[in-house]
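Hi,

Here is the structure I promised to pass on to you. Have a look at it first, and my notes on what turned up follow below.

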Amino acid sequence: MDAPRTIRTIGIIAGNGVYPDTFAEAARRKAPGVRLVAAAFEGETTPEFASRVDAVEWLRVGQLGKMIKFFVREGVKEAVMVGQISPKNLFDLRPDLRTLFLLARVKQRNAETLFGAIADELQKDGIELLPATTFLEDLLPGPGPVCGPALKARQLEDAAFGFRIAKETSRLDIGQSLVVRHGTVLAVEAFEGTNVCIRRGGELGRRKDVMLVKVSKPNQDFRFDVPVIGPQTIETCVEAGVGAITVEARKTLFLQKETVFALCAKHAISVHAVE
């Protein structure tokens, strides 16, 4: 008699936006029979996401103990962290006991140290945190033109310049995006996020020959905080007069890829990947 087949159960730590939906759809397609259970956050995860998974637990940001108990109860051995948490909720944190102990151990509180500490807590209960790009490899473009018009020679120079500077700002944990024009840095992303950086850079560049550059951190932990381009990024560039985007090849996730490509074609926004 054959032994019963073990069902693969993946826990989804679901933030806001379309990232959780994109992951769930790809997991269903690439791992038939997978069971998906979600830790969803009030005020962040879309209510509709509950219909995408087999079980869901609604939490406040900071309820780490409750989340891990839910995953253990559901037989989760693997988890993935997809979607962001708004800064306002991170500042309105009401931590449970397990989160308090975690925060007491973390000396520098940035995305890398906090999420790394969460991964360690999951591991204590036998749960491995997977790369946030799991099942999504086809949304990570390789080097060269990605969509929209090809970059001109002057723009390729800005792409190389901006890439080099962005790698430094990300290494210093300042931000992973910046806006450049003709060899000048106009805006650097910090805590306010990419969209604010785009608007500020577009205004300073007077909406002409302005480029967004977005990279990963050196030695970035791809279990969390993956660089993402989505329709909102393109729409913000259109509003700000940013006409070109440079990303890091094979390390930038394109969410709603078809929509992104269509928007770039419509508004003649160039997207280029640098390795």
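Ala268 sits in the loop that links α9 (257–267) to β13 (270–274). Its phi is near 55°, a positive value in a residue that is not glycine. Ala268 is partly exposed, with a relative accessible area of 48%. Do keep in mind that this is a predicted model. A second residue of this kind is Phe135, a non-glycine residue whose phi is positive, near 70°. Phe135 lies in the loop between β5 and β6 (144–147). Is Phe135 buried or exposed? Phe135 is buried, at a relative accessible area of 10%.

Now for the overall picture. The chain is built from nine helices and 13 strands. Its radius of gyration is 20 Å, close to the 19 Å that the globule rule gives for 275 residues, so the chain is as compact as a globular protein of that length. Along the principal axes, the C-alpha trace spans about 65 × 45 × 30 Å. Of the 275 residues, 51% count as buried. Among contacts with a separation of 6 or more, 74% are between residues 24 or more positions apart.

Five strands form an open sheet in the order β3-β2-β1-β4-β5, and the pairing is parallel. β3 and β5 (128–129) are the edge strands, each with a single partner, so one side of each has no neighbour in the sheet. β5 pairs with β4 in the parallel sense over two bridges, and Glu128 in β5 is the bridge partner of Glu78. Helix α1 (residues 19–30) touches β1 (9–14), β2 and β4, and its direction makes about 140° with that of β4. Helix α2, for its part, touches β1, β2, β3 and β4, with its direction at about 170° to that of β3.

Next, the largest nonpolar core. This core has 25 residues, and those touching the most other members are Ile13, Met67, Phe71, Leu102, Leu122 and Leu129. Two or more residues each come from β2 (35–41), β3 (55–59), α2 (64–73), β4 (78–82), α4 (97–105) and α5 (111–124). Which element gives the largest share of this core? That is α2, with five residues. As for Leu102, once its neighbours within four places in sequence are left aside, its contacts are Leu64, Leu114, Ala117, Ile118 and Glu121.

Last, the cysteines. A search of the whole structure finds zero disulfides. Cys237 is in no disulfide, and the nearest cysteine sulfur to its own, that of Cys264, is 8.2 Å away. For Cys264, also in no disulfide, the nearest cysteine sulfur belongs to Cys147, at 3.7 Å. Cys237 is buried, with a relative accessible area of 0%, and Cys264 is buried, with a value of 0%.

Best wishes

Methods
Residues numbered from 1 in each chain as written. Predicted model: local features only at pLDDT ≥ 70, side-chain atom pairs only at ≥ 80, totals over all residues. Heavy atoms only, no water. Core = buried A, V, L, I, M, F, W, Y, C linked by side-chain atoms within 4.5 Å. Buried < 20%, exposed > 50% of the residue type's maximum accessible area, 1.4 Å probe, protein only. Helix = DSSP H or I, 4+ residues; strand = E, 2+ residues; numbered from the N terminus. Contact = heavy atoms within 4.5 Å. Pairing = 2+ DSSP bridges. Axes fitted to C-alpha atoms, helices over the stretch in contact; angles between N-to-C directions. Disulfide = S-S within 2.5 Å. Rg over C-alpha atoms; globule rule 2.2 N^0.38 Å.
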